[in-house]
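Reader: I have a two-chain model open beside its sequence, and I would like to learn how to read it. Could you take me through it feature by feature?

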Amino acid sequence: MRLLAAYVTGLVFGLGISISGMANPAKVLNFFDFAGTWDPSLAFVMGGAVVVTFIGYRIVLRRPGPLLDNAFQVPTNRTLDTRLIGGSALFGVGWGIAGFCPGGALPALGTGKSEVFLFVAALVAGIGCAKLIQRRMR
Amino acid sequence: MPLLLINVSPEPLSKPGMKGLVVITEFTPATSALGGALIGLAAVMMMLFLGRIMGATGIFSGAITPTSQRNWLWRVATLAGMISGPLAYLVFTGGFPVIDVPISTPALMIGGFIVGVGVTIGSGCTSGHGVCGIARLSPRSIVATLTFMATTSLTVYVIRHLAGAV
């Protein structure tokens, strides 16, 4: 049941990404190209997603817990550290180069396009390297 | 920076909708908002069913570097659902979503590597920080989102307008 719920949730996410244009690097890069071929569509993706999540979370988080698990697991860390800001800044640089973010690229694997597989392979390498370095530094 | 060159041809391509290799995309407020609403619905479903954040980074990292079976299986199932998304789109519309990659393969892979490092150190990406975190009014996610939106814009500006790529 947990796995079915997880699958359907992923499917809704992947369908949303496909409809929204977030899986299309040309569209993503144009959103950030204010001085050139600007396409404001992605503001509507973020807007739609945040409004629905904001309202939905307020209803769901009133419950004592989730339907298929023991407790809500939401991050409680509130410190603004250099890792958060440095990591996010780096992510933006990569996103600005490639036009894919993880949430856009992973569903796009389903189209079978070779570029998506190349991006995800590089993504895996980056995640692996960062995890190795983080483990060494601990 | 030859790796980052977007348009290497001095003359614009004559193909409609193309300006060099920079693809001109159509403004799609309705479908983009609808897709965004579905992304939000998925975030709410994830919280309702499993009590988790619907962040692509956390789910993907947990799926490729498993810690325990209980923490691994639901992430793999979510990932399988995400990858099925374009197939559902195919069923509804009769075609796959458009994917135009207006950059070279080396640039795509360098970008992918940097994204991987960044989201791991920064603990999240557009879905985890940008959607779920902002909806929770998390100060960390708001700062993270403002940071990556700024550096993404700056990167696109530098590549397309300062490096003379377009």
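Author: What follows goes from the fold of one chain to the contact between the two chains. This is a predicted model, in which local features need pLDDT of at least 70 and side-chain atom pairs count only at pLDDT 80 or more, while totals for chains, interfaces and linings use all residues. Residues are numbered from 1 along each chain as its sequence is written, and chains are lettered from A and ligands numbered from 1 in the order in which they are written.

Reader: What share of chain B is buried?

Author: A residue is buried if 20 or more other C-beta atoms, placed from the backbone, lie within 10 Å of its own; by that rule, 56% of the 166 residues in chain B are buried.

Reader: Which residues have the most contacts inside the largest nonpolar core?

Author: Such a core is a set of buried Ala, Val, Leu, Ile, Met, Phe, Trp, Tyr and Cys residues joined through C-beta atoms within 7 Å. The largest one has 90 residues, and B:Ala42, B:Ala43 and B:Val44 have the most contacts inside it. Helix H1 (residues 29-50) of chain B gives the most to this core, namely 14 residues. Contact here is a matter of C-beta atoms, placed from the backbone, lying within 7 Å, and B:Ala43, leaving aside its neighbours within four places in sequence, is in contact with A:Thr53, B:Met54, B:Val131 and B:Cys132.

Reader: How is a pair of packed helices described?

Author: Two packed helices are described by the angle between their axes and the distance between the axes. Here the axes, which are lines fitted to C-alpha atoms over the stretch in contact, with angles running from 0 to 180 degrees between N-to-C directions, belong to helix H6 (residues 114-137) of chain A and helix H4 (residues 105-121) of chain B, and they come within 7 Å and cross at roughly 40°. H6(A) is therefore oblique to H4(B), given that angles under 35 degrees count as roughly parallel, over 145 as roughly antiparallel, 65 to 115 as roughly perpendicular and the rest as oblique.

Reader: How many residues does each chain bring to the contact?

Author: Chain A brings 105 residues and chain B brings 108 residues. On the side of chain A that touches chain B, H1(A) gives the most, with 18 residues.

Terms used:
Buried ≥ 20, exposed ≤ 12 C-beta atoms within 10 Å, placed from the backbone. Helix = DSSP H or I, 4+ residues; strand = E, 2+ residues; numbered from the N terminus. Contact = placed C-beta atoms within 7 Å.
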